[in-house]
Amino acid sequence: SDTQSGVAGIQVNGLLFTTLEDGKLEAKAANGVTGACHDDDRLARTFHEFAPIRAIAKAAGYDLGEMFNREKLAKSCGSAVALAYMPAIIKKVALGRWADLCRYELTAMLVANPQSYLCLSQEVPEGNVLVDLYGALL
């Protein structure tokens, strides 16, 4: 269920946050790229989890800004299932999310949810970059 996957997300993000804080894991340097975290809508709106993803991004060397639709206002960008049966709509949703990022003159969309990454990867504007935060830790 969504509740169970949300709890697992909190545990994973919390563990990464603690591991980074303790210096047991080092992230790749992002060389001062400015970005914003795309909050997973279920974790953000249901569990109010915002800090770990931002701590992971900062540990990876990203300078953080914020988009308007964040934290408790987080918007779903779709899922793998939605992408399979309505790709045109998912592309429009992705473009809207990228417009939110570009409105604040940010470069990188930082994502910690594989389905969000998949959906947002459908339309990455020139000059922007989509970042899998877990991949940035490897």
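Hi everyone. A word on ground rules: this is a predicted model, where local features need pLDDT of at least 70 and side-chain atom pairs count only at pLDDT 80 or more, while totals for chains, interfaces and linings use all residues. Residues are numbered from 1 along each chain as its sequence is written, and side-chain values use heavy atoms, leaving out hydrogens and water.

The chain holds seven helices and four strands; these are DSSP runs, H or I of at least four residues for helices and E of at least two for strands, numbered from the N terminus. Their order from the N terminus is α-β-α-α-β-α-α-β-α-β-α. Of the 138 residues, 39% are buried, meaning under 20% relative accessible area with a 1.4 Å probe, counting protein chains only, whereas exposed means over 50% and partly exposed lies in between.

Now to α5, residues 87–103. Helix α5 has 17 residues and spans 24 Å from first C-alpha to last, close to the 24 Å expected at 1.5 Å a residue, where the expected span is 1.5 Å times one less than the number of residues.

Which residues of α5 are buried? They are I90, A94, R97, W98, D100 and L101. These cover an arc of only 150 degrees around the axis, which puts them on the same side of α5; the arc is taken from the directions from the helix axis to the C-beta atoms. On the other side, A88, K92 and R103 are exposed.

And the partners? The buried residues of α5 pack against β1 (34–38), α4 (80–85), β3 (108–111), α6 (114–120) and β4 (129–132), with contact meaning heavy atoms within 4.5 Å.
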